Amino acid sequence: ATLPGFERADGVIVEYLSNVTWDIDWIECPCPGVSITEAERKKRLSLGRNIDTYDASLPPMSRPTYITLEGVTGAFHAEREGLYQAASLALRTTTVSAKVEMEGMTVSHLDFVRWQPQIRGYGQSGDVAFWNESTRVMGLTEPPDFSLGTLYLTLRRDDGTLTTPVAVTPGPTASDVTLPGVPDFELVLDDGLRDRPMYVLGTLEDCDEDVKIAAISDGGKTDDGAQLFDITAVIDDDRVHARDTHLLPGPGDVQDPIDDGLDFDSGGGSRLLHLTNHTIVGNTSVGDVTATFTLRTDGTAGADVNDTGGYPVDYPSEWALFPIEPGVSTAYEVRATAAFGGITSGVVGVWMPITTDLSWSLTVLGGGVEVGFFETLLTIEMRQAGSTVVQVRRTITFLITGVP
């Protein structure tokens, strides 16, 4: 078993190609018992993500490992893969190994196998040497140790599968056991060209230990020249497979929808729905401050702050890379979502057609009276009217500072 240490990773940061920005993005995936960082929480809130699984009582991840997922383009997909990897780091910490003969040819990487170590007091295994179907007495190559309590017997069928463990009782001799019924396959014991049926014997817990094959390598050869294999496996934990179930899409949902978002003008192919992140800064030293962001019907945008110079600011080609003719903007919809205190003016939380200029504002009282740091993140999303696919998403940060 690998015990946790100070250098052991407590989470995974996944790098992937975002289908929203078509640029490299990252997402935090903490191990069980650890939470995302405050920076990640703010990022998810700014994107309108549900963070019900965030738990402020848990320590934030501080020693992550980094992985890149080629071909993954959705945030939910990346997070699900990362949570699985993080849970595997934390919960799959016990490995087992053995040197085997031709059994090493029957398994592949990540196969599930039943593992029975030859440790006294844990379990027993061997071959079936004798079988009497009428009395259901089975002779074993190793005498069973019933001092452990009730023993359960599992047999390996000819195709390599295992029978269901059944409770057995002592037989007429020290090497015999009595089965409650007849096995569901024919036991061949007298063929010199094949192995006899193998058994696994132990308590019910011992007979139910499944492991996942992690590595198969050359184990050398026996004195007779037979090939050997070194097999390493990890004891699985069901919690690993359930780590991302809260992110599974529901019936009919498309978890990470992909849309090309193209709308061509007659002049040759510019892309609509292009937004940029902006930060709007104000200072309350001059009085009450109102910071405003506006999306206009002509495809442009603007920012205004009533406190100092430098504003208003115009953003040409903000959401359309070519001039929009009157009425074209109504073919698109916008939704704003606010985090960290919200905004004081403007509609949020609903999709609205761009029939008029749309504005959102944050007002903070000033005049040197209030001291503090005011931040609101406004997430702007856009899509074609009638579509359910968000084609672009960006963040407008309202940043208002106080004075001593």
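What percentage of the 404 residues of the protein chain count as buried? The share is 40%, where buried means under 20% relative accessible area, exposed means over 50% and partly exposed lies in between, with a 1.4 Å probe and protein chains only. The model is a predicted one, in which local features need pLDDT of at least 70, side-chain atom pairs count only at pLDDT 80 or more, and totals for chains, interfaces and linings use all residues. Residues are numbered from 1 along each chain as its sequence is written, and side-chain values use heavy atoms, with hydrogens and water left out.

**Overall make-up.** The protein chain has 3 helices and 22 strands, taken as DSSP runs (helices H or I, at least four residues; strands E, at least two) and numbered from the N terminus. Among contacts (heavy atoms within 4.5 Å) with a separation of 6 or more, 64% join residues 24 or more positions apart. The accessible surface comes to about 21400 Å², and 53% of this belongs to carbon and sulfur atoms; such areas come from the Shrake-Rupley method with a 1.4 Å probe, and for residues only the protein chains shown count as cover.

With a disulfide taken as a pair of cysteine sulfur atoms within 2.5 Å, the count comes to 0. For C29, the nearest cysteine sulfur is that of C31, 9.8 Å away, which is too far for a bond. C29 is buried at 0% relative accessible area, and C31 is buried at 4%. Elsewhere, L17, W22, I24 and W26 make a nonpolar surface patch of about 390 Å². Patch residues have over 30% relative accessible area and no salt bridge, like charges being joined within 9 Å and nonpolar side chains (Val, Leu, Ile, Met, Phe, Trp, Tyr) within 5 Å. L17, in strand 1 (residues 11–17), is partly exposed at 35%.

**Salt bridges.** The structure holds 12 salt bridges, each a side-chain nitrogen of Lys or Arg within 4 Å of a carboxyl oxygen of Asp or Glu. The table gives three of them.

| Pair | Closest N and O atoms |
|---|---|
| D127 and R196 | 4.0 Å |
| D158 and R194 | 2.7 Å |

R383 lies in strand 21 (residues 373–384) and E333 in strand 18 (residues 332–339), so that the pair links distant parts of the chain, 50 residues apart. R383 and E333 are both buried. Salt bridges that share partners also join R335, E381 and R393 into one network.
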